[in-house]
Every structure is written in structure tokens, then in C-alpha cells.
There are 4 protein chains.
Amino acid sequence: MTDEFHITREHNAELDALLGNPFKVLDKGFIRLIDYMGSDSAIVQAARVSYGKGTKRLNEDRGLIRYLMRHRHTTPFEMCEIKFHVKLPIFVARQWVRHRTANINEYSARYSVLDNEFYVPEPAQLGVQHQHKKQARGAQLETQKHDEIISVIEKNNEDSYKNYEWMIDEMGLAREVARTSLPVNIYTQWYWKINLHNLLHFISLRKDPHAQYEIRVYADILADIVQKWVPLTYEAFSDYVLGGAKLSANGLALVKARLRGDTAQEAMIKEKISAGELRELEQLLDLENE
Amino acid sequence: MTDEFHITREHNAELDALLGNPFKVLDKGFIRLIDYMGSDSAIVQAARVSYGKGTKRLNEDRGLIRYLMRHRHTTPFEMCEIKFHVKLPIFVARQWVRHRTANINEYSARYSVLDNEFYVPEPAQLGVQHQHKKQARGAQLETQKHDEIISVIEKNNEDSYKNYEWMIDEMGLAREVARTSLPVNIYTQWYWKINLHNLLHFISLRKDPHAQYEIRVYADILADIVQKWVPLTYEAFSDYVLGGAKLSANGLALVKARLRGDTAQEAMIKEKISAGELRELEQLLDLENE
Amino acid sequence: MTDEFHITREHNAELDALLGNPFKVLDKGFIRLIDYMGSDSAIVQAARVSYGKGTKRLNEDRGLIRYLMRHRHTTPFEMCEIKFHVKLPIFVARQWVRHRTANINEYSARYSVLDNEFYVPEPAQLGVQHQHKKQARGAQLETQKHDEIISVIEKNNEDSYKNYEWMIDEMGLAREVARTSLPVNIYTQWYWKINLHNLLHFISLRKDPHAQYEIRVYADILADIVQKWVPLTYEAFSDYVLGGAKLSANGLALVKARLRGDTAQEAMIKEKISAGELRELEQLLDLENE
Amino acid sequence: MTDEFHITREHNAELDALLGNPFKVLDKGFIRLIDYMGSDSAIVQAARVSYGKGTKRLNEDRGLIRYLMRHRHTTPFEMCEIKFHVKLPIFVARQWVRHRTANINEYSARYSVLDNEFYVPEPAQLGVQHQHKKQARGAQLETQKHDEIISVIEKNNEDSYKNYEWMIDEMGLAREVARTSLPVNIYTQWYWKINLHNLLHFISLRKDPHAQYEIRVYADILADIVQKWVPLTYEAFSDYVLGGAKLSANGLALVKARLRGDTAQEAMIKEKISAGELRELEQLLDLENE
């Protein structure tokens, strides 16, 4: 470490071309990439510090990144950082903010007046209450109900915004009080900065089919940007996390029994698995029709 | 560490008597103490592990706790943990959740229907928009405006809840969509668990006069409970944090100059301080009228 | 929420009997349980707040806990907290402290003199350097080398402690400088507090066969205590995490192809899996001998 | 948010010139700047999102940054991130790692052989044990003791490294066991990434005269780099944190009484302050000689 170590910052031309341009999300939201630090190489570089002199043979970046992802060596992925400007409805922001290991600066409705911009769902998103999954929407509602619902939502938005403006402009009420009558579908915005490891965790939970549609569409855009940013990492993440599966001890035993053709053992294991878990397992392994 | 080390859990009779009982906050909210771990003694015990054999003379609990607080030795205060059940309006929850180093389980409006319970301010809280402090409310509004504003707020609450019920009951719309039209003054609830160090930080920021009234009243209750829980710590916290003050380098130099009666030096320092900071400093030191 | 809500703190008689008693670990280390908050019921209680009115049918604790564990609903597990007093060698402490979401108060060798207590491995732990796994030890060394190695280690400990004492007692050197010559096998101690979710993560990584033996034995004790503390949670954790397995997208496709008996598809998938991952997969599924 | 938002990444020419070059610290350590994200402008930009339309008058960057620092609005400072490669003795690493909100990849002595490089203090650092401050060193030791101590330290280093090499090379012992005999003054290295807010906190604690000399010299270099990176922020940090002071409630009351010349009140307040705190206060305000 004596002579010349000068380095330059890594650039990703594809990302640089995107910087600042809004990706449209929902009806009035967006994601804008503001800045980033690091790359697939930065992950490899950090991992190599850990492995030090012992890593002569781990000399292929793709293989090393896949190894790290497969074996839950998460710290090298924390060496990359990314920052976004996001415009999103408050009810989405409320789910989003539960990812605690990130940095946020949100627009303050105490300091400033909120714009008259509300999320109004497209008809395709007007799903019925799901019968079994209490947190989900099911099939799309009948077409004749769409217009009725949407006009109720729009009327609700207009009325509450009118009340908001009246309290501020006519009554002189403090903004921090007046805003409490606004619904959670009004848009807010924030700067959001997070490291790659935590961002992948965010994507794995929010790109999931169980996540609410309105946050899932944000996660989809984030995933696209991550793929451009760190393509090797995103590939490994897709293979090992997004596209992979977890088996329980019983699930694993069942798979092994079936692979051996040991039907007695298989039947015995099934006894030990709850109906709900068994259904999930059969769907996972395409065993339903057998 | 060889023979008998048996200990029992510490109890605080005063806290035990409070367990589960709701402290009323705002018009329909509450704080309920659910569980706690540790005490002033647990803080001292943890600090003594750090100081080991070197602490013969730090043998008085109160003095040690004050020393820890004064010198920012924060880790012993992390050794105490407390858990609450809180009912609060969503706009308060949105400020509260920004304290990231805590554990939360919130009522889910995807799973369940929200109750028809909204925060409606008392007339005393209907302040005008503050002219200089953009995030604050100023003097109370004229009495004749109170009823008008409150009926607009109540009407807004009723209408949005009626729409919400109609979308769920009449239209069969999924709860996770229907709830997006509800205003941020509707009540939610959560379990909230935090360590003492982070709770004191929460209190120092949210009991502050600059905090919004509607979260300040929660912080006041939390402070009362902390005082019963760890009285020595709360006393030190009151002296060194809540009741204390921070001086900038210039503020400190100005105080010293004035204490020495060096008016030339004092004038010179004032040149270097911005008008805003100087005003804050004069208020702090009661120098305005001199 | 109007009348009487009084509750009492939950107790676990089995844990209470353990409080303070040292569990011996390694040659001179220990784990002592100091305090705990919560139980399986506290987890269920917190989850029920989230599910609110929608949870009529999730009325069986064991089933709910398994559902939470299976679906990565981690926040209810954060509602339990536990505190230990641990004595451990510095090199173990250096691995342990990398679990950042915990609270620590460590004995300070700046304040106090460290005791003359060093970890000396048992012969069974004197493994050769593993050839393939660079971070691991392999088979036990030949018996004739044991005594030689152990006496070198003991001599090294004695010499460095003698130097340490001499610098402090004879030379009057500050402790914070003198201690820098002590080896990382000297024992330190700390109070360590962590929530259940993070503790389970700690156990899953440190009870793993890839973890270094000297931290694994601590994780084993912690796991035993957790099992007594929250038996339903520990059972679910054993089934879904410790005893379970992760399949990659390719691993899952391979399992499906084989279950269908589609050997052509199976061969095609194998092409896409690296040699290292394929070996891990075959071991997992007991496919080696086929 | 309608037409063209393209932006480019911010650069800091002064920092770019430093990238990769080692700053020498202690006898064999270094700090190398690897990458950074953000600038004073990025802080202002994030704060402006929060203040939204309400900030017409907060239009001067320096004033806004000072306001944020003075009023503990810490989140905008989290919007900047920086990454270093650091070589440091293990006993320094042990203090450093206690700052939990950072990302680390450390050289692993399980994977790789550690180099024969140990920290040996300069004579100026051979201080006597401080009599009152148990964690500190006092005046320099007598010159005749220097050579003696340093040769004991160097002998200790050589012996332990010889033992280490012998266990690995001659005995074939696993590295993860052999390294446990190495002293905590051996050098390790890591990549360390942290946001600006947490870095300033690190500097405020570790640049403090109470911090151990061997970590303070690292904090000094970090402070110099921060000053080049975000000069307005560093200026505000110097004025409000490094050069400022905290007064307790009693301390503040005493200052006010003295400014008013109310000696009776002053005497009464002094009664309530402990001897230790009074001494600290008198030093702070240069009151000793009065």
C-alpha cells in the first residue's frame, strides 16, 4: 500500500441515461432514479476483502455473486446504495415505510399545502373481497359497478380537498390540522435511499403476489432498475430468491420420499402437515392432479 | 461464576398496578402499558459490567446514572425494554413510525374493517396557521369559526365512512381498496415495543414544543410512565436533556464574553451569528430585555 | 376500551428457575439468562392486533405461529425480548457483534484489568485446515500433535499475560495500551439483549454447521433456552428454518421434472446448474447414489 | 413533473482526486476513500422535498444546512453515503464496530492468513495509567522505560506470529483455530460504508478527547475527508456539535443567574450540582479562577 492506488468512481452508462427521468407508476405516481453507488464489481471487491488471500480460485465474478446469494452472505450486497424520488399515495407510503433500514425525506403537509392529486384505481383493480385470503382482492367486480364506485371515490376526493382548501384559505386554519381530513389515497412524495441488500428484501416482499397491487407496481419498477444496475446480482436474486422456494423439514422429507417412490413414508409425512401447508406444497410442486 | 447465581426478575409495583389500563389520549385514543423489562438497577448493572473491576468508587446508583446520561454513554439505557398498546389517528401514526428502531404490529385495514372512529379536535386546538413557523399552528381561531370547522370535519368523516361501508357492504369491494378513501384522522392501533434509550429520544423530540400537539400528548403520557418505571433515569433525562440546552461554538463564546464583561468581544461574536440563531440564543438566556 | 383492562406480566416458570444460573460453554465461558419479556402468547396477541376483526378463524395459537413463520410475517416475533450475560473469548465476540440489531454492554479493558483466563481448545477441536472449504477445519489432527500444540497455546497465553501484568504493574503503563498485546482467545464478557426475531436469525446462522465451532456451542445453548421460552415458536422455527431447505428456481424445476419422471427435462436443467450448486442439491435430496 | 427531468450524478473534484489513495494512520494503517454519494446540495435537495412549497424563503443553502443541524433535523444528512477501505488494529476495530448503523466487510482470518503486521505505539503514546479517569492514559512515561516496553511489545508480536505460522505451516492446524493466539494489536482491514449522519455521530464520539488515541487518529482523517466532501455541513457540525456544549437544566440556570449578577440564586443552584458536574461546568465556562 505504498505507491499509487488511484481509482475512479464506477459508472453505469445505462443507469446514467435514466437519471432523473420519471417512470410512471399508477395513475399519477412516479419513481425517479436520483443517484447510485457501486455495481456488481463493488460487491465482488468487498467480498474479496473478506476472503483475502484465500480466494485465488473464486476468480469469476458471476460465480462468486451466486455463491454469496446462495449462502446468505449478505454484507457484500450492502456495499451498494441507491436513491430514488418517489411519488406515491399515502396508503402505499404506510406499507413502504415499514422497511425500517432505509433513509427517507418526505414532503411535509405541516409545512406545505398538498396538491389536489388522488389515486383513483383503474376498473381492472376493482376486485371483490377475497373469501379465503382476508388481506386480498379476488376477481374483478362486475362492469356495471365500476363507474358507480369510481364516481363515489372521485366525489370523496373532491369533497375532502374542497374542505381542506376551505379550512386553509377561508378559515385560516393551520395546515397541520386541516390536512387531517384528507384521505390516504392522496399523493405524497419522498426521497428514499437504501442499500442493495435491503432493497432486494423489499422487492422480494413487495413484488410477491400477496403484496397489495398498488405497492407491487412500484416494486416491479424498482426490480427493473436493479436489473440494469447490477445484472449479475439480479440474476442470482431471481434464481435463488424470487424464483426459488422454501421447503419445511416435512416438505423436504415428503419430496425425498416421493423421489424414492416410498409411498408409505410419504403418507406418514402427510399426516404431519397441516391442510393449509399441504395445499401450498402441492401447488409449489405441481402435485395437485396426481 | 461457579456456585449459585440464581436471580429473580425485577418488578416495579407501581407499574404492575398500571398494566393494561388505558390512559386516555385525545378524544378516542389511548396508551396501555403491556409489559416491561428492567429498571434503574438494570441500567446500573449493565454499566458495571462495562466498568468491571475499575468501578469501586462509582458505587452510587443515582450518581452513576447521571454520569452515563451526561456523558452520552447510551448503551446501558438500551438494556431496558417496554411495550405499549396504542390507539392513535393515522396522521399521528405516520409521524410516530419514523422512529425506526422500535417494533410495531399495526391493525391491518387489509384484513379487517376499520371502526367508525375519527379524531375531531377540540376548539382549543383549532389554531391559525403560524406566520413564521411554517410547520406550526399559532393562536386559537375566533370562536365563531369553531363550530363551522368542526361540523365540516365531522361531515367529512361521516361521508367518507359511509362511502367506505357502501363499497364494502353494497359493492363487495375488497377492503384493501375500499379503505383508501378514508381520511388520515381515522383511528388505528398497534403494539409498540422500544428500548429505553430510543424511547427517551422519542420523548425528547415529541414532547418538544415544536412537535405537533396531537403527538405531543402521547409523548406526555409516555414520559409519565417512564418516570414511574425508572425514576432516577427520568430525573437525569429531565435535567440533562429536556431541561438542558445546547450552545453552539459561537453561543458558548458569547456567554463567556458576557460573563467576563468583555463587550467588545461580545459584539464581535454577534456579528458571526445569524439573526435566527441570535434570537433563539437570547430567548434561551433571557437576554432579550437587556 | 372503557372499563377494566388490568393484566399481569406473563411468567414462564421453567425460565424463572434458570434465571441467573450459568450454563457452562467452552472451557471457561458461560451464558446466564438475566431477564425476558413475552411468550408464545405475546406473539399471538401482537399478530391478532394486526389481523383485528378479520381473524375469527385463526383461533389456534400453534397454527397461527406456524403460519406467521411460514409466510415470513416477522414482526410479531419482535414483540419478545431476552437478555443474557455471556462470557466468551474475544474472537467469538468479534463474530457475535456483527449481529447489529442487539444491545450490548461489554467489559471494558480500558477501565479494568482483564482476568488471566484464556480459551484453550480441547484436542477434539484441533482440526486440520479444510482443503476445499477455506473457512473450515477438517478431520482431527493426529494425536501426537495435540500436546505440542496445546502447550504452545498455553505458553503463548502465559507469556502475553505476563507481559500485560508487567506493563501495568511494573511500568505503570495505561491499561488501554497494555491490553493491546493480549491475544483474541482471552475471555471477555457482556450483557446482550435481543428480540426473538433477531435471536432466531442469530441461531439459524450460528447453529449452522458452517459456523465456527466456538460460536456454535453458544448458539446451541441459546437455542435450548428459546425452546423452553417459546416452545411453539421454536417448533415452527425448527420445521421451517433449521430443518427446512431453500431451492433455487433451477433446483425447483429439477425436482419437478424428476417427480414427473421427465428425464430429458431433468438433463436440460442440470446443464444450467453449476457443479457446486448441483453437488449441494444432490446432497440435500439424497440423489448422490442414483 | 411533466417534461424533461434528466440529471447527472454530482461530482466533487477534490474528492475524486483522493479516490483510492491511502491516508496513512498509525504506524501501518490507512484510510482509503473508495466511493461517495451526494453533497451539500443533495442534503438541501432532500430537505426541500420535505419543506415543499412552504420553503420559498429558505433559499440559501448554507442557512438551511445550519438550520437543519441546529434543530436536529437529521434525515437530510442521511441522504449522503460514503465508503472507505480501512486498515486498523483489531482493538481499534472492536471499538469501531460498535457503531452499528454501518456496513462492513472485514478480512476473514478463517479464510486467509493474516500478515505479520502489528501496531507498535510511538513513545509519545506510552502514557501512564490516568489516576482519576480509569479509561485514560495520563502523562508520558519516563523515557528510560520506552525502549524496554517497546521491545517487550515487539517480542510479544514476534513470538505470537511465530506460533501462528508454526501451527499453520508445521502442524497443519486450521487457520480459524491458529489465529486465536494472535494479539489484538495485529492489523485487519475492511470496507466500511456509512451515511453522513451516522458518520458525523462517529466523528463526534471518536474525535473527542475522551476517545482512545488510536481510534481518534482515524476519526481525524475521516473528519478531514468530510470537510472536503460537504464543506457547509462540516462547518455547521463544527459550530453546533464539535465546538458547542450542552448545558444541563442546572447549568443553564446557573449561567442565567450569573449573567443577571444574582449571586444568591447562583449559590443556591450550586448546591444542587454534584462536584463532578460543577467542575466540568466551570471548565466549560472558564469560571475556575473567579
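These legends describe close-up views of a predicted model.

**View 1. The contact between chain D and chain B.** The contact draws 36 residues from chain D and 37 residues from chain B. About 3,400 Å² is buried between chain D and chain B, and 50% of that area lies on carbon and sulfur atoms. The rule finds six salt bridges across the interface of chain D and chain B, and 18 residue pairs in polar contact, both residues of each pair at pLDDT 80 or more. Elements of chain D that each supply at least two residues of the side touching chain B are helix H3 (61-70), helix H7 (196-206), helix H9 (231-242), strand S8 (245-247), helix H10 (249-260) and helix H12 (275-284). H10(D) gives the largest share of that side, six residues. Sorted by class, the side of chain D that touches chain B has 12 nonpolar, nine polar and 15 charged residues.

**View 2. A salt bridge and a strand pairing between chain D and chain B.** Lys256(D) and Asp286(B) meet through their side chains in a salt bridge, at 3.4 Å from N to O. Strand S8 (residues 245-247) of chain B is joined to S8(D) by three bridges, and the two strands run antiparallel. In this pairing, Lys246(B) stands opposite Lys246(D) of S8(D).

**View 3. The contact between chain C and chain B.** Here 59 residues of chain C and 59 residues of chain B take part in the contact. Chain C and chain B bury about 5,000 Å² between them, with 54% of it on carbon and sulfur atoms. On the chain C side, the residues that lose the most area to chain B are Arg9(C), Met37(C) and Asn105(C), which together account for 16% of what that side buries. Four salt bridges are counted between chain C and chain B. The count of residue pairs in polar contact between chain C and chain B is 22, with both residues at pLDDT 80 or more. Helix H1 (13-18), strand S2 (29-37), helix H2 (40-51), strand S3 (81-89), strand S4 (103-106) and strand S7 (187-195) of chain C each supply at least two residues of the side that touches chain B. The largest share of that side, seven residues, comes from S2(C). By class, the side of chain C that touches chain B has 27 nonpolar, 19 polar and 13 charged residues.

View 4. Arg9(C) meets Asp35(B) in a salt bridge between side chains, 3.3 Å from N to O. Arg9(D) forms a salt bridge with Asp35(A), and the closest N and O atoms are 3.3 Å apart. This pair crosses between chains: Arg9(D) lies in the segment before helix H1 (13-18) of chain D, and Asp35(A) lies in strand S2 (residues 29-37) of chain A. Arg9(D) and Asp35(A) are both buried.

View 5. Over all chains, the structure holds 88 salt bridges. In chain B, the side chains of Glu142(B) and Lys145(B) meet in a salt bridge at 3.4 Å, N to O. Glu142(B) counts as partly exposed because its relative accessibility is 36%, whereas Lys145(B), at 17% relative accessibility, counts as buried. In chain C, Lys207(C) forms a salt bridge with Asp220(C), with the closest N and O atoms 2.9 Å apart. That pair links distant parts of the chain, 13 residues apart: Lys207(C) sits in the loop between helix H7 (196-206) and helix H8 (213-229) of chain C, and Asp220(C) sits in helix H8 of chain C. Lys207(C) has 27% relative accessibility and therefore counts as partly exposed. Asp220(C) is also partly exposed, with a relative accessible area of 28%.

**View 6. A salt-bridge network in chain A.** Arg62(A), Arg66(A), Glu235(A) and Asp239(A) are joined into one network by salt bridges that share partners.

**View 7. A strand hairpin in chain A.** Strand S1 (residues 22-25) of chain A pairs with S2(A) in the antiparallel sense over four bridges. Within the pairing, Pro22(A) stands opposite Arg32(A) in S2(A). S1(A) and S2(A) form a hairpin with three residues between them. Leu26(A), in the turn, has a positive phi of about 50°.

Methods
Residues numbered from 1 in each chain as written. Chains lettered and ligands numbered in written order. Predicted model: local features only at pLDDT ≥ 70, side-chain atom pairs only at ≥ 80, totals over all residues. Heavy atoms only, no water. Contact = heavy atoms within 4.5 Å. Buried area = accessible area lost by both parts, 1.4 Å probe. Polar contact = N/O pair within 3.5 Å; in protein donor to acceptor, adjacent residues only side chain to side chain. Nonpolar A, V, L, I, M, F, W, Y, C, P; charged D, E, K, R; others polar. Pairing = 2+ DSSP bridges. Buried < 20%, exposed > 50% of the residue type's maximum accessible area, 1.4 Å probe, protein only.
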